[in-house]
Amino acid sequence: MKHEKLDELLRLKSTGEITPEESVELEDLIRTDEEACRQYLDYTSVDAMLKWQFGETTVPVIPKKPNVITFGRVL
């Protein structure tokens, strides 16, 4: 069973935009639904790894272009 509300609550928690009421709703959901608890653990694990590696997860990660040394005109 997929929880659309859970997805939204996890996104809000990750970005720091979750309200106290939504936080209680999230806690109740993961406490009473085993699948929601697993999804919460998966999401928070991935979120933590991304934050550790890239610093943020709310913006897309765009790799830098490699510095290429070229010889403009060779005479």
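Asp28 and Arg31 pair their side chains in a salt bridge at 3.0 Å, N to O (a side-chain nitrogen of Lys or Arg within 4 Å of a carboxyl oxygen of Asp or Glu). This is a predicted model, where local features need pLDDT of at least 70 and side-chain atom pairs count only at pLDDT 80 or more, while totals for chains, interfaces and linings use all residues. Residues are numbered from 1 along each chain as its sequence is written, and side-chain values use heavy atoms, with hydrogens and water left out.

**Overall layout**

- The chain has three helices and zero strands, taking helices (H or I, at least four residues) and strands (E, at least two) as DSSP runs numbered from the N terminus.
- Read from the N terminus, the order of elements is α-α-α.
- Of the 75 residues in the chain, 19% are buried (buried is under 20% relative accessible area, exposed is over 50%, and partly exposed is in between, with a 1.4 Å probe and protein chains only).
- Take the contacts between residues at least 6 apart in sequence, and 49% of them join residues at least 24 apart (contact means heavy atoms within 4.5 Å).

**Where α2 meets α3**

- Helix α2 (residues 20-32) and helix α3 (residues 34-54) have axes that come within 5 Å and cross at roughly 115°; axes are lines fitted to C-alpha atoms, for helices over the stretch in contact, with angles from 0 to 180 degrees between N-to-C directions.
- On the α2 side the contact uses Leu26, Leu29, Ile30 and Thr32, and on the α3 side Glu34, Ala36, Cys37 and Tyr40.
- Sorted by class, that contact of α2 with α3 has six nonpolar, one polar and one charged residues (Ala, Val, Leu, Ile, Met, Phe, Trp, Tyr, Cys and Pro count as nonpolar, Asp, Glu, Lys and Arg as charged, and the others, Gly among them, as polar).

**Ile18, in the loop**

- Ile18 sits in the loop between α1 (4-15) and α2, and is partly exposed at 22% relative accessibility.
- Setting aside neighbours within four places in sequence, Ile18 touches Leu9, Leu12, Lys13, Ser23 and Leu26.
- From Ile18 to Glu8 is 10 residues in sequence and 9.6 Å in space, C-alpha to C-alpha.

**Salt bridges**

- The structure has five salt bridges.
- Back to the opening pair: Asp28 and Arg31 are both in helix α2, three residues apart, or about one turn of the helix. Asp28 is partly exposed at 35% relative accessible area, whereas Arg31 is exposed at 58%.
- In helix α3, Lys51 and Asp47 are four residues apart, so about one helical turn separates them, and their side chains form a salt bridge at 3.4 Å, N to O. Lys51 is partly exposed at 32%, but Asp47 is buried at 12%.
- Salt bridges with shared partners tie Glu8, Arg11 and Glu17 into one network. Within it, Arg11 and Glu17 meet at 3.8 Å, N to O; Arg11 is partly exposed at 35%, as is Glu17 at 49%.

**A nonpolar patch**

- Val46, Met49, Leu50 and Phe54 make a nonpolar surface patch of about 370 Å²; patches take residues with over 30% relative accessible area and no salt bridge, joining like charges within 9 Å and nonpolar side chains (Val, Leu, Ile, Met, Phe, Trp, Tyr) within 5 Å.
- Leu50 belongs to helix α3 and is partly exposed, with 34% relative accessible area.

Key:
Areas by Shrake-Rupley, 256 points an atom, 1.4 Å probe, with all protein chains shown as cover.
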